[in-house]
Amino acid sequence: MVRAALGQRGASLGRGPRVGADYVPAVTVVAGSMVSLLPIVSSTGWWPDWGLLMLVAWRLLRADAWPAWWAAPLGFANDLITGNPIGLSIALWSAIMIAMDILDRRTMWRDYWIEWAIAALFIGLAELAQWRVAAVLGAAMPLSISAGPAIIIATLCFPVAAFLAARLDRWRLGR
Amino acid sequence: MAASAGPRPGWSRRAQYSLFFSFLAVVAGLVIGLILLILSLAAPKTYATVRGAALDITAPITGALSEVTTTITGLTSGAGNYWNAARQNAELKRQRAALMRRMVEARAILEENQQLKAALQLRERSSKAVAAGRVVGSSFESPRRFAVISVGTSDGVAIGMPVRSPEGLIGRVIESGMLASRVLLVTDRANIVPARILKGGLPVISTGRGDGTIDVRPLEVGKNPFKPGDIIVTSGTGGLYPPLVPIGKVIRLDDDGAIAVPIADPSRVSFAIVEPPYEPTALAVAARPDGEEP
């Protein structure tokens, strides 16, 4: 008798990934973008872009969460949902995918701190790009009241996204 | 911990090719994204239809969620009102008496004003609202200050129309779908409103600061004309915004201007009223992509 048969009924042994497991990461990124649809009317724009946080968290967790080029359509969805200038997230998210591929080849090992630092780097670059684009569109603001606090808040929120991605990964793979 | 399961396809030629094509595709995605971004920076009107459609799909979700939160906050604040009803009642009675006195004064001023206007034969423009909706959401993750209101082109809203609440000016429409529109708030850095100080009528320029406050500067260089507590109203110059709509209240002075807080806080206003442009010809100017007011 195999040992699995001795376990409790409903134990996760011998169960494969859930239906649609390949699409779960992408769906959670879109769900992250949709956080901006919450009826919060804020006078400042310092809250994190959850779509970006989920994208970085999934990509740091797994290289094969989705084919790299999915970043472009996901970015397009993010632009449409959050109201960014169209093309901003498409370009940024594709660039993050390429940068992560290079990082994966160069880094020998990673721990939580390094992952957090990489995420902070991507979040910082993304917020600065958004800030720069806003300036080009006629809304030039000092860093200290726009992108600065946004970078700090988003970096501090990243562990939540990383935790969610790790939990969802276990769930979708049926472990 | 080792690096994440990276792109190591092994000896399979098929896996190697698929990885390579995926890499080409993401580079193509980057290039397409950059082209689209440059297009939307150079000619924001290009995507008006797509963005309007996206607003139509997303705004009802925000609207429904907003109903739920309004109900819940209504329940809690309703309970809170009962908590110290007696003290509130006394306070309100005192305020009512004060307001009654002010109202009589205002009535007298109004009549005097009408006589003076009749003497000057000033034309009174009737401001008729195009549509009234609720503020359902905002861009809380972007450095730009946008709000989403629950009325769109099917209600007659067009890009460039001014949006106000009974309290004061909210902003102007910059994108509109069938059912919802996006409003550039007066607190956005790109929203420049010709204004004046209510007391004294000195012309000033109001610009958003992006953090929920407004920067006001006098048109003429010289002594700082602001005092804390000054009310800033629209001047009607440029013809887009109707005159005498309150914009903000000065809270702090800086070297040659002042910082004001908006009187119509978009998170508190009950209704957003979309009005036609004060001078109809101003709409074409207001729809210009760079968002500058004449």
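Trainee: Where do I start with a predicted model? Which pLDDT does chain B average?

Mentor: Start with confidence. Chain B averages a pLDDT of 81. In chain B, 89% of the residues score at least 70. Over residues 1–5 of chain B, however, the pLDDT is below 50. That stretch still has 16 contacts in the model beyond near neighbours in sequence. Residues 289–294 of chain B also stay under 50, with 16 contacts beyond four places in sequence.

Trainee: Which elements of chain B have the lowest and the highest mean pLDDT?

Mentor: Helix H4 (residues 282–286) of chain B has the lowest, at 59. Strand S6 (residues 181–185) of chain B has the highest, at 89. For the complex, the predictor gives an ipTM of 0.78 and a pTM of 0.78.

Trainee: Next, the layout. How many helices and strands are there in chain B?

Mentor: Chain B has four helices and 13 strands. It is divided into domain 1 (87–122) and domain 2 (140–286). The centres of these two domains of chain B, taken over C-alpha atoms, are 25 Å apart.

Trainee: What share of the residues of chain B count as buried?

Mentor: Of its 294 residues, 36% do. Among contacts in chain B with a separation of 6 or more, 59% come from residues 24 or more positions apart.

Trainee: How do I read a strand's two faces?

Mentor: Begin with the general idea. In a regular strand the side chains alternate between the two faces of the sheet. Now take strand S12 (residues 258–262) of chain B. Its covered face has B:Ala258, B:Ala260 and B:Pro262. B:Ile259 and B:Val261 lie on the uncovered face.

Trainee: Which strands pair with S12(B)?

Mentor: Strand S9 (residues 214–218) of chain B pairs with S12(B) in the antiparallel sense, over three bridges. There, B:Ile214 has B:Ala260 as its bridge partner. Strand S11 (residues 246–253) of chain B also runs antiparallel to S12(B), joined by five bridges. B:Arg252 is partnered with B:Ile259. S11(B) and S12(B) form a hairpin, with four residues between them.

Trainee: What joins S11(B) to S10(B)?

Mentor: Three bridges, and the two strands run antiparallel. B:Ile232 stands opposite B:Gly248 in S11(B). S10(B), residues 231–234, also pairs antiparallel with strand S7 (residues 192–197) of chain B, over three bridges. In that pairing B:Ile197 stands opposite B:Ile232.

Trainee: And the core? Which residues touch the most other members of the largest nonpolar core?

Mentor: That core has 103 residues. Those touching the most other members are A:Ala57, A:Ala71, A:Ile96, B:Ile149, B:Val183 and B:Ile247. Follow B:Ile149 as a case. Leaving out residues up to four places away in sequence, its contacts include B:Val135, B:Val163, B:Ala180, B:Val183 and B:Ala272.

Trainee: How is the size of an interface given?

Mentor: The size of an interface is often given as the accessible area lost when the parts come together. Here, count residues instead. The contact takes 59 residues from chain A and 57 residues from chain B.

Trainee: Which elements of chain A give two or more residues to the side that touches chain B?

Mentor: Helix H3 (50–61), helix H4 (71–82), helix H5 (88–106) and helix H6 (112–136) of chain A. H5(A) gives the largest share, 10 residues. By class, this side of chain A has 36 nonpolar, 15 polar and eight charged residues.

Notes
Residues are numbered from 1 along each chain as its sequence is written. Chains are lettered from A and ligands numbered from 1 in the order in which they are written. This is a predicted model: local features need pLDDT of at least 70, side-chain atom pairs count only at pLDDT 80 or more; totals for chains, interfaces and linings use all residues. pLDDT is the predictor's confidence in each residue, from 0 to 100. Two residues are in contact if their C-beta atoms, placed from the backbone, lie within 7 Å. Domain bounds come from an automatic or database domain assignment. A residue is buried if 20 or more other C-beta atoms lie within 10 Å of its own, exposed if 12 or fewer, and partly exposed in between; C-beta atoms are placed from the backbone. Ala, Val, Leu, Ile, Met, Phe, Trp, Tyr, Cys and Pro count as nonpolar, Asp, Glu, Lys and Arg as charged, and the others, Gly among them, as polar. A nonpolar core is a set of buried Ala, Val, Leu, Ile, Met, Phe, Trp, Tyr and Cys residues joined through C-beta atoms within 7 Å. Two strands pair if DSSP finds at least two bridges between them.
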